[in-house]
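Hi,

Here is the structure I promised to pass on. Have a look at it first, and then read my notes below.

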Amino acid sequence: MELSVRVDSEFENDMLDIVRAFYPYIKINSESEELYIKTKLDKNTARIIINYSLNNNIQAEKSDYHTENSILLQETEEVLIKRKAKRFFKNNLYKYLSLLCGVNLPYGSITGVRPTGLFYQLEEEGFDAESMMVKQFFVSPDKARLISETVSNQRKYLKKRNDDDIDIYVNIPVCVSKCSYCSFPSSELKYVKNLMDLYTEKVKEDINFSLKTIMDKGKKIKRIYFGGGTPTSLSAKNLSVLLECFKDINYDEFTVEAGRADTVDKEKLDIISKFATRISLNPQTFNDKTLKRIGRLTTVGQFMETYELAKKYSLNINMDLIAALPGEKFEDFEYSLKKTIELEPENITVHTLSLKNGSDLKNNNYYDFESKETEKSLNCSYSLLFNAGYFPYYMYRQKNCIAGQENTGYAKKFPCLYNIDMMEELSDIVACGAGGISKRIFSGGRHERFPSLKGIKEYIERFEEMKTKKINFLTL
Ligand SMILES: C[S@@+](CC[C@H](N)C(=O)[O-])C[C@H]1O[C@@H](n2cnc3c(N)ncnc32)[C@H](O)[C@@H]1O
Ligand code: SF4
């Protein structure tokens with residue numbers, strides 16, 4: 001099914017984000033003007049015009065409509081005028097599309113990755129952010145409360161950015177097999193096994209020169225995160241080589257994404273526990289049929305064995321779950337969540353399936369899910385976790401998330417500070433390894449990014465070129 005949309009606006013992408021939020025599975029083209037959106041910002045006056053004349057294929061309460069709305073913005077600074085105009089345009093378009101479709105979206109007109117970011121911004125502007133999100137941004141009261149609680153929990157741990165703090169991210173983009181929902185750029189181990197020793201050597205060098213450059217500038221390493229992919233796909237020996245790089249560093253948190261149970265054993269846990277404070281061991285679901293269906297090649301039994309082993313170490317354990325996995329109903333997710341809660345990990349992260357470009361599910365046109373079941377799963381996750389003593393501490397949204405839901409990290413006592421830093425941009429991030437993206441934030445809010453080389457082979461072959469550029473970036 002297709003929808004023709006013409007947008008005449010300097011905020012074209014924002015307008016299209018709203019349209020896509022209502023029609024996530026419909027192809028949008030610009031061949032004609034079934035939906036026409038025009039915005040105009042003239043000095044302090046923002047005006048929006050929306051026309052629609054839809055064909056019969058599209059779900060809509062009305063087939064023809066025209067609306068116009070304008071506002072006088074009480075601001076003098078150009079950035080504030082633009083910010084407020086954009087909000088006005090998005091809120092108006094949301095309102096009319098919501099009427100047209102007869103649908104309310106859980107996050108209303110918020111289309112960005114970080115709903116908490118808007119919350120902080122509204123508070124800085126002096127508003128009661130929670131109620132404003134409901135009244136003006138059309139966020140459901142439950143989601144506005146989730147955002148508000150997440151922000152207030154974050155504040156108990158991390159209040160503001162410190163320009164001298166650095167977090168280190170080490171990327172190991174390798175997995176034992178590809179899960180059907182995943183679009184992370186990671187290689188299957190069987191194709192890169194012979195490159196792993198050399199890759200490890202290069203990542204070690206990357207970590208060492210990055211640490212030296214950072215320390216020479218008098219910065220402090222706060223948090224370290226080994227992610228991917230699945231870092232535990234590395235052999236125990238290679239994992240040890242990389243972890244040892246941090247033996248003389250004073251950090252306050254160190255996470256290793258241990259991901260899949262089939263990549264973790266006692267030898268690796270012995271090494272990891274010498275350095276790490278936290279691991280992520282992810283069931284995703286407690287249903288063997290689903291695990292097979294999503295190509296994860298592990299079983300619930302294997303997960304339980306690894307968990308029993310990991311529990312013996314003094315590591316905080318996080319467990320990732322995904323709601324709306326293929327073939328699963330609300331009851332399946334509820335079962336997995338209850339099982340996870342029974343195991344009492346320190347952190348539980350509830351994801352909602354997102355149909356990502358490049359994933360097998362998306363490539364195979366998978367649309368066999370029910371939005372209502374997903375909504376129920378997410379609502380249930382909040383209340384079950386709350387009753388079990390968990391609090392939400394970070395959250396983010398992804399495009400094409402089923403039923404417009406979100407991903408939320410919950411903790412009992414110790415939230416993952418790296419996750420908060422990263423999501424709320426409270427610390428610069430220096431990324432090592434193929435595919436990592438370093439990020440620096442300068443005074444005045446200017447962001448600069450340095451993406452490393454993506455593929456493992458390319459990273460090894462062009463390492464020296466990357467090293468020179470990265471040192472320049474780190475010493476800016
Ligand atoms: C970077 S992945 C790596 C985790 C690790 N390799 C594993 O599979 O356990 C982090 C988490 O993102 C979630 N995730 C990945 N792709 C997703 C998708 N398409 N929709 C929802 N959640 C997703 C999964 O819960 C996964 O554990
Ligand atoms: S979910 Fe994890 S194990 Fe699966 S493909 Fe993605 S990164 Fe690899």
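The shell around ligand 2 has 4 nonpolar, 5 polar and 2 charged residues. The residues in question are C175, K178, C179, C182, F184, S186, G228, G229, T230, G259 and R260. Before you go further, keep in mind that this is a predicted model.

Two of those shell residues deserve a second look. G228 and G229, both listed around ligand 2, are joined by a cis peptide bond, with omega at about 20°. G229 sits in the loop between β9 and α8.

On to ligand 1. Which residues come nearest to ligand 1? Out of 20 residues around it, the nearest are G259, N282, D320, H351 and S354. Sorted by class, the shell around ligand 1 comes to 10 polar, 6 nonpolar and 4 charged residues.

Now the helices. In α1 (residues 12-22), the buried residues are M15, I18, V19, A21 and F22. Looking down the axis of α1, you find these buried residues within an arc of 160°, so they line one face of the helix. As for what they pack against, the partners are the strands β1 (2-8), β2 (27-29) and β3 (35-42), plus helix α2 (78-101).

I also went through two helix pairs. How do α3 and α5 pack, and at what angle? Helix α3 (residues 115-124) and helix α5 (residues 141-157) have their axes 10 Å apart and pack at an angle of about 75°. An angle of 65 to 115 degrees counts as roughly perpendicular, so that label goes to α3 and α5. On the α3 side the contact is made by P115, T116, F119 and Y120, which meet I147, S148, T150 and V151 of α5. The residues of this contact divide into 5 nonpolar, 3 polar and no charged.

The other pair is α8 (residues 236-244) with α9 (residues 266-275): their axes come within 9 Å and cross at roughly 5°. That makes α8 roughly parallel to α9. Here A236, L239, S240 and L243 from α8 meet E267, K268, I271, I272 and F275 from α9. By class, this contact of α8 with α9 has 6 nonpolar, 1 polar and 2 charged residues.

Last, some backbone details for anyone checking torsions. K43 is not a glycine, yet its phi is positive, near 50°. You will find K43 in the loop between β3 and β4 (45-53). Q284 is another residue with a positive phi, about 65°, although it is not a glycine either. Its place is in the loop between β11 (278-281) and α10 (288-293).

Which of these is buried and which is exposed? K43 counts as exposed, because it has 8 C-beta neighbours inside 10 Å. Q284 has 22 other C-beta atoms within 10 Å, so it is buried.

That's the lot from me.

Cheers

Notes:
Residues numbered from 1 in each chain as written. Chains lettered and ligands numbered in written order. Predicted model: local features only at pLDDT ≥ 70, side-chain atom pairs only at ≥ 80, totals over all residues. Near = placed C-beta within 6 Å. Nonpolar A, V, L, I, M, F, W, Y, C, P; charged D, E, K, R; others polar. Buried ≥ 20, exposed ≤ 12 C-beta atoms within 10 Å, placed from the backbone. Helix = DSSP H or I, 4+ residues; strand = E, 2+ residues; numbered from the N terminus. Arc of directions from axis to C-beta. Contact = placed C-beta atoms within 7 Å. Axes fitted to C-alpha atoms, helices over the stretch in contact; angles between N-to-C directions. Parallel < 35°, antiparallel > 145°, perpendicular 65-115°, else oblique.
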